[in-house]
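Before reading on, take a moment to look over the chain as a whole.

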Amino acid sequence: MPYRAAVHIFAVALFGGLSAPISAAPLGNAPTFARIFGDHSVLQRDRPLAIWGQAAPHARVRVTLGGGAATAVADASGKWQATLPAHHAGGPYTLTATADGVSTNLADVMVGDVYLCGGQSNMEFPARLSTGAWSGLGSPADSGLRFATIVKDSEPAPLADLHDPAPWKIAGPDTIPDASAVCYYMARALRKSEHVPVGFVAADWGGTTIQGWISAGALATLPAYRERVAQVARLAVDAPGAHADEDHRQEAWWDAHDPQASAERAWIAPGFDDTGWPVYTPNGSWKDAGVTQLSGFDGVVWLRKRVDLTAAQAAAATQMQLGPVDTFDTTWINGHRVGSGGTAWAWRIYDLPAGTLHAGANEIVLRVLGGGGPTGDPAMRGIRTTTGELIPLEGAWRYRTGMRATGLAVPPAPWDVPTSLTTLYNGMIAPIARYGWKLAAWYQGESNVGAANEYATLLPMLMADWRRASGEPELPFAIVQLANYGTPRSDPAESGWAELRAAQARVARADPHAALAVTIDVGDRFDIHPSQKLVVGERLANAARVIAYHHDGVVGGPEAIAVTRSGGDLIIQFRNTGAGLRSYGASVVIGFEVCAVTRCHFVPGEAAGSIVRLRGAGDTQSTRVRYAWADAPITNLYGGGELPVVPFELPVKDHNGNSDVVR
């Protein structure tokens, strides 16, 4: 799949080198384990253990672990699954699968607690970039803490097994730096408090929307997604037909929005005479290329380039690598459409079917709608071959401008990452769902800001979906609420980030097996990827101790439950305050807004015990109260355990106690 190659190159550029996948498949006729299993893996304690893999068709497979054993018979395709009896925490063990007298062994396997961590870039964020990493990741290796990272994979249909192995590693100074920081810090804290071996599996992909992580069966229950989910399913069984339909849909969009679209298609044809077109060298945004015609230009720009190949190079070509393109591109080679994309930061790496290129001159054409065109390093732009060669596409391209346009966006294909539907579930969750989990941690939502009401439907759908797939209907979910990010305001305003946080809080509040980790105080208003991941991980661990381990404690921080009038004041009642509310840095609490219908204004508060009093704010015009209701709010209110108050919006109750639903 092209997305695996694309994201590998992007990750190397952003986060540093990645170790090459290894193959655990044994030689001969020995049965194999699914790729989520490996040396140093951790299996979930105190419940039956599902173990599966591949063998000869109809082979009888015996699986052993410690003193436990189970037998399975492979089906006609060679798939087998056995269920070992539950084990208490312990190890190391050898996990063995034997068929026809030939065995495969996995060494140093532990039994303990296993956590599944999913989401977008803040879950992917590596430990080596987190605050304090220079001094905090040098501890000796801990053989009781292990992890695996799922290779990014976008698939049109659910996989029975991962395409790439997910090697398990023992946590130590040589392995942890590239692990998910949030997941590592959570697991490390739980390892210390629960005193059992722990493992975590990270399945994450930066920039992705939640829709990509939900199964087709679940997402298709929503009418708005049914048709596009069906398109993704068709891609799995009829790729040429699915791509042809998508091409037709996109070109219909162009005909509806660009009066010049039909005439400009002549520029795609091989042999088109572009000698009269001016040239520029893409090296960053076209607006910064020093070309008067492109300076400040937003709209359509066509780009054309010829590349000469030998017969051997043309035969060996597998992909064209363009890097990021701002914003929507459609790309043709020798008149054949090879791909499109619509996210400015996402790498464009397009598969090249056999026969796309030929010996001699080949013509590459891009139609770009946006404000920058190809923006990446020109040295990383080229044609990949089976030998690993990158045939460069550096230097000047011919260009011609089309219509001017701002605010237009071509709807992407439903399988295009990062806005794909169901494909990440198919490639990264479905193959490992049965593994056995103590807890799932979810850190995602930045890419769904602006659609909070829909997110309030999609997040519980995802949770139910993963629980169903794992066979664990009460699988605990710890949800990271979005951190503060963006420009602080000196006056109240509506906020898509606040709406999304409220949706996350509603979902966690409504689910008896879910909890919220509030991070409103550890974000970075200048960086959507705040580096203070230690606090986030430890707050997740705090939530996990309550919902997964059933310890006593406060989950998620103080939470407002009601606002009432008292004379001329408003009284806000909180729960989960621990030893009581306190304000840091001042004798008053900041971040509260009192609203009269649609107009809001800031009001200072006074914290005492489990209430906050807003003096003089209780006039009859006041209809609701909000707290931390901004993209990047400034707050100073905490409860016990240094946990910040959950952002909220609540109606002011009338004298009968009537109110609307909490947000």
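Ile 590 is partly exposed, because its relative accessible area is 35%, and in this predicted model Ile 590 is found in the loop between strand 26 (582-583) and strand 27 (592-596). Together with Val 588 and Ile 634, Ile 590 forms a nonpolar patch on the surface, and the accessible area of these residues together is about 230 Å².

Gln 481 is found in the loop between strand 22 (477-480) and helix 12 (496-510), and Gln 481 counts as buried because its relative accessible area is 0%, where the limit for buried is under 20%. Leaving aside residues up to four places away in sequence, Gln 481 touches a series of residues, among them Arg 501, Ala 502, Leu 516, Val 518, Val 646 and Pro 647.

Leu 534 lies in helix 13, which covers residues 533-547, and its relative accessibility of 26% is the reason why Leu 534 counts as partly exposed. Apart from residues up to four places away in sequence, Leu 534 touches Tyr 185 and Arg 188. The C-alpha atoms of Leu 534 and Gly 132 are separated by 8.4 Å, although the two residues are 402 residues apart along the chain.

Next comes a sheet. Strands of a sheet pair through backbone hydrogen bonds, either parallel or antiparallel. Here 3 strands form an open sheet in the order 1-3-6, with antiparallel pairing, and its edge strands are strand 1 (32-33) and strand 6 (79-84), each of which pairs on one side only. Strand 3 (residues 49-54) and strand 6 run antiparallel and are joined by 6 bridges; in one of these strands, strand 6, Ala 82 is the bridge partner of Ile 51.

How many disulfides does the count come to? The count comes to 2 disulfides, and with the bonded cysteines numbered in sequence order the pairing is 1-2, 3-4. Cys 117 and Cys 183 form a disulfide with their sulfur atoms 1.9 Å apart, a link that is right-handed, with 70 degrees about the S-S bond. This pair links distant parts of the chain, since Cys 117 is in strand 8 (residues 102-119) and Cys 183 is in helix 4 (residues 181-194), 66 residues apart. Cys 117 counts as buried because its relative accessibility is 0%, and Cys 183 counts as buried at 0% as well. Cys 595 and Cys 600 form a disulfide with their sulfur atoms 2.0 Å apart; this link is right-handed, with 105 degrees about the S-S bond, and both Cys 595 and Cys 600 are buried.

Technical notes. Residues are numbered from 1 along each chain as its sequence is written. This is a predicted model: local features need pLDDT of at least 70, side-chain atom pairs count only at pLDDT 80 or more; totals for chains, interfaces and linings use all residues. Side-chain values use heavy atoms; hydrogens and water are left out. Patches are made of residues with over 30% relative accessible area and no salt bridge: like charges are joined within 9 Å, nonpolar side chains (Val, Leu, Ile, Met, Phe, Trp, Tyr) within 5 Å. Accessible areas come from the Shrake-Rupley method with a 1.4 Å probe; for residues, only the protein chains shown count as cover. A salt bridge is a side-chain nitrogen of Lys or Arg within 4 Å of a carboxyl oxygen of Asp or Glu. Helices (H or I, at least four residues) and strands (E, at least two) are DSSP runs, numbered from the N terminus. Buried means under 20% relative accessible area, exposed over 50%, partly exposed in between (1.4 Å probe, protein chains only). Contact means heavy atoms within 4.5 Å. Two strands pair if DSSP finds at least two bridges between them. A disulfide is a pair of cysteine sulfur atoms within 2.5 Å.
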